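Reader: I would like to learn how to read a new structure. Could you take me through it, feature by feature?

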Amino acid sequence: MGHEGEDYAAKLLEKEKGFVIIERNWHYRQKEIDIIAIDSGTLVFVEVKTRTSDSVPPSELISYNKIRFLETAAEAYIRRKNYEGDARFDLVVLHKTHSGFKAEHIPNAFR
């Protein structure tokens with residue numbers, strides 16, 4: 001379900017939100033950033049969470065340790081690419097339904 005959700009999120013960001021996807025599943029150490037994209041000149045690191053129930057609010061889907069990892073990985077990506085512009089972290093929460101996905105895109109989800 002994870003890759004299916006990430007594919008759906010990438011299409012949503014590109015087709016409905018106008019993002020340009022530049023990386024998918026970018027690895028840093030032993031973990032990955034799901035999607036790296038450009039949105040109106042801003043570099044966006046996107047975490048995708050796929051859920052089958054709404055029992056956990058989006059604000060609680062990403063642990064403190066995951067946020068720290070994403071920040072560290074984003075800093076490494078920015079250094080490697082010599083990127084000097086604005087950056088942010090977005091969250092795409094996908095709720096699996098019988099007919100596909102219902103998506104919630106949260107820009108600037110943290111920090």
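Author: Gladly; we will go from the sheet to the cores and then to the charged pairs. Keep in mind that this is a predicted model.

Reader: Which way do strand 1 and strand 2 run?

Author: Strand 1 and strand 2 run antiparallel and are joined by seven bridges. Across this pair, Trp-26 stands opposite Ile-33 in strand 2. The two strands form a hairpin with two residues between them, and Arg-29 in the turn has a positive phi of about 55°.

Reader: And how do strand 3 and strand 4 run?

Author: Strand 3 (residues 42-51) and strand 4 (residues 87-97) run parallel, joined by nine bridges. In this pair, Val-46 is found opposite Asp-90 in strand 4.

Reader: Now the inside. Which residues have the most contacts in the largest nonpolar core?

Author: That core has 19 residues, and Trp-26, Ile-33, Ile-36 and Phe-45 have the most contacts inside it. Strand 1, strand 2, strand 3, helix 2 and strand 4 each give two or more residues to this core. Helix 2 supplies the largest share, seven residues. To follow one member, look at Phe-45: its contacts include Ile-33, Ile-36, Ala-74 and Ile-78. Another core, of 14 residues, lies apart from this one, and Ala-37, Val-44, Val-46 and Val-92 are among its members.

Reader: Is Asp-90 buried or exposed?

Author: Asp-90 has a relative accessible area of 0%, and residues under 20% count as buried, so Asp-90 is buried. Its side chain makes a polar contact with the side chain of His-105 (2.8 Å). Asp-90 also touches Asn-108, among others.

Reader: Is Asn-108 buried or exposed?

Author: Asn-108 lies in the segment after strand 5, and at 52% relative accessibility it counts as exposed. Asn-108 touches Arg-88, Phe-89 and Asp-90, leaving aside residues up to four places away in sequence.

Reader: Last, the charges. How many salt bridges are found in the whole structure?

Author: Side chains of opposite charge can pair when their charged atoms come close. A search of the whole structure finds eight salt bridges. One of them is between the side chains of Glu-4 and Lys-96 (3.6 Å, N to O). Glu-4 is in helix 1 (residues 2-16) and Lys-96 is in strand 4, so this pair ties together parts that are 92 residues apart in sequence. Another salt bridge joins the side chains of Arg-24 and Asp-7 (2.6 Å, N to O). Since Arg-24 is in strand 1 and Asp-7 in helix 1, the pair ties together parts that are 17 residues apart in sequence.

Reader: Which residue forms a salt bridge with Asp-90?

Author: Arg-88 does, with the closest N and O atoms 2.7 Å apart. Both Asp-90 and Arg-88 are buried. Salt bridges with shared partners join Asp-39, Arg-88 and Asp-90 into one network.

Definitions and conventions: Residues numbered from 1 in each chain as written. Predicted model: local features only at pLDDT ≥ 70, side-chain atom pairs only at ≥ 80, totals over all residues. Heavy atoms only, no water. Pairing = 2+ DSSP bridges. Helix = DSSP H or I, 4+ residues; strand = E, 2+ residues; numbered from the N terminus. Core = buried A, V, L, I, M, F, W, Y, C linked by side-chain atoms within 4.5 Å. Buried < 20%, exposed > 50% of the residue type's maximum accessible area, 1.4 Å probe, protein only. Contact = heavy atoms within 4.5 Å. Polar contact = N/O pair within 3.5 Å; in protein donor to acceptor, adjacent residues only side chain to side chain. Salt bridge = Lys/Arg side-chain N within 4 Å of Asp/Glu carboxyl O.
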